[in-house]
Amino acid sequence: MKFAFGQTHRQVAEIEKLEKPEKSTDQIDFESMERFTLGIIVDPLAAFRFESQFINQTHNEDKYLNPITLTESFGAAKIIYSQDKTKLPTRLGIAFKQNLNFHDDIDNTDDGGLEFVAEYKTPLSNKRIKYNSRLNLYQALYYSEEDTVDNDDWKAIDVDWENTFNASVSEFIMVNLSAQLIYDK
């Protein structure tokens with residue numbers, strides 16, 4: 001689960017007054033996965049993901065929890081590498097996405113396709129620093145609006161690659177450094 005919200009205040013130098021704050025970060029991301037370990041080559045899995053933002057400030061009005069993307073996926077998981085606290089679990093499956101938007105002039109869409117997720121986790125130097133890397137690839141095979149769009153951009157693979165360093169400064173203070181690469185044509 002990830003929650004992030006940030007605002008930026010700017011000061012107008014001439015009048016020494018703060019402008020209205022602008023949203024700089026806004027993310028809600030919740031994912032739950034159930035892996036059924038049966039002792040075979042791969043483990044069956046079912047996963048659910050909820051993605052949204054706290055406030056959508058487009059179209060000259062504030063909409064809360066808008067837009068929403070729901071993803072349900074089913075497939076197989078396998079831990080490729082596991083030694084001490086270093087792990088590389090992967091999963092491959094079929095995914096279905098619903099894109100819900102509560103603005104009147106924007107249609108809701110559905111699509112389905114293949115999803116691959118790999119997540120590498122390892123501790124670094126004296127185990128107070130941890131590195132996590134998550135790669136999510138999604139290839140849509142079906143799109144509910146394919147007859148109404150003028151191009152085949154929806155067929156391009158979506159890439160979401162997130163890298164995070166976590167450092168424990170003390171028992172109660174942690175610092176995170178994150179970099180994310182997203183390709184969604």
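This is a predicted model: local features need pLDDT of at least 70, side-chain atom pairs count only at pLDDT 80 or more; totals for chains, interfaces and linings use all residues.
**Entry 1: a glutamate to start with**

Is glutamate 119 buried, partly exposed or exposed? I looked it up: glutamate 119 has a relative accessible area of 22%, so it is partly exposed. Residues are numbered from 1 along each chain as its sequence is written, and side-chain values use heavy atoms, with hydrogens and water left out.

**Entry 2: the whole chain**

The C-alpha trace spans about 65 × 55 × 25 Å along its principal axes. The radius of gyration of the chain is 20 Å, whereas a compact globule of 185 residues would have one near 16 Å. That radius is taken over C-alpha atoms, and the globule rule is 2.2 Å times the number of residues to the power 0.38. I also saw that 28% of the 185 residues count as buried.

**Entry 3: salt bridges**

How many salt bridges does the structure hold? I got 12, where a salt bridge is a side-chain nitrogen of Lys or Arg within 4 Å of a carboxyl oxygen of Asp or Glu.

I picked out the one between lysine 2 and glutamate 162, with 2.6 Å from N to O. This pair links distant parts of the chain, with lysine 2 in strand β1 (residues 2–8) and glutamate 162 in strand β12 (residues 158–168), 160 residues apart. Lysine 2 is partly exposed because its relative accessible area is 30%. Glutamate 162 has 15% relative accessibility, so it counts as buried.

Then I went back to my opening residue. Glutamate 119 meets lysine 121 in a salt bridge, side chain to side chain, at 4.0 Å from N to O. Lysine 121 counts as partly exposed because its relative accessibility is 38%.

Another salt bridge joins the side chains of lysine 185 and aspartate 153, at 3.8 Å from N to O. This pair also links distant parts of the chain: lysine 185 is in the segment after β13 (174–183), aspartate 153 is in the loop between β11 (129–143) and β12, and they are 32 residues apart. Lysine 185 is exposed, with a relative accessible area of 55%, while aspartate 153 is partly exposed at 27%. I finished with a network in which salt bridges that share partners join Glu31, Arg91, Glu119, Lys121 and Arg134.

Which residues form the nonpolar patch on the surface? I listed Phe74, Ile94, Phe96, Leu114, Leu141 and Tyr142, with about 600 Å² of accessible area together. For the method, accessible areas come from Shrake-Rupley with a 1.4 Å probe, and for residues only the protein chains shown count as cover. Patches are made of residues with over 30% relative accessible area and no salt bridge; like charges are joined within 9 Å, and nonpolar side chains (Val, Leu, Ile, Met, Phe, Trp, Tyr) within 5 Å. β9 and β11 each supply at least two residues of this patch. Tyrosine 142 sits in strand β11, and it counts as partly exposed because its relative accessibility is 43%.

I also found a negative patch made by Glu61, Asp62, Asp105 and Asp107. Here Lys and Arg count as positive and Asp and Glu as negative, with His and the chain ends not counted; a charge is placed at NZ of Lys, CZ of Arg, CG of Asp or CD of Glu. Aspartate 105 lies in the loop between β9 (86–100) and β10 (109–124). Its relative accessibility is 57%, so aspartate 105 counts as exposed.

Most residues other than glycine have a negative phi, and most peptide bonds are trans. I went looking for exceptions. The peptide bond from asparagine 66 to proline 67 is cis, with omega near -10°, and proline 67 is in the loop between β7 (63–64) and β8 (68–83). Leucine 65, found in the loop between β7 and β8, has a positive phi of about 50°. Aspartate 84 has a positive phi too, near 55°, and belongs to the loop between β8 and β9. With 71% relative accessibility, aspartate 84 counts as exposed.

Definitions and conventions:
Helices (H or I, at least four residues) and strands (E, at least two) are DSSP runs, numbered from the N terminus. Buried means under 20% relative accessible area, exposed over 50%, partly exposed in between (1.4 Å probe, protein chains only).
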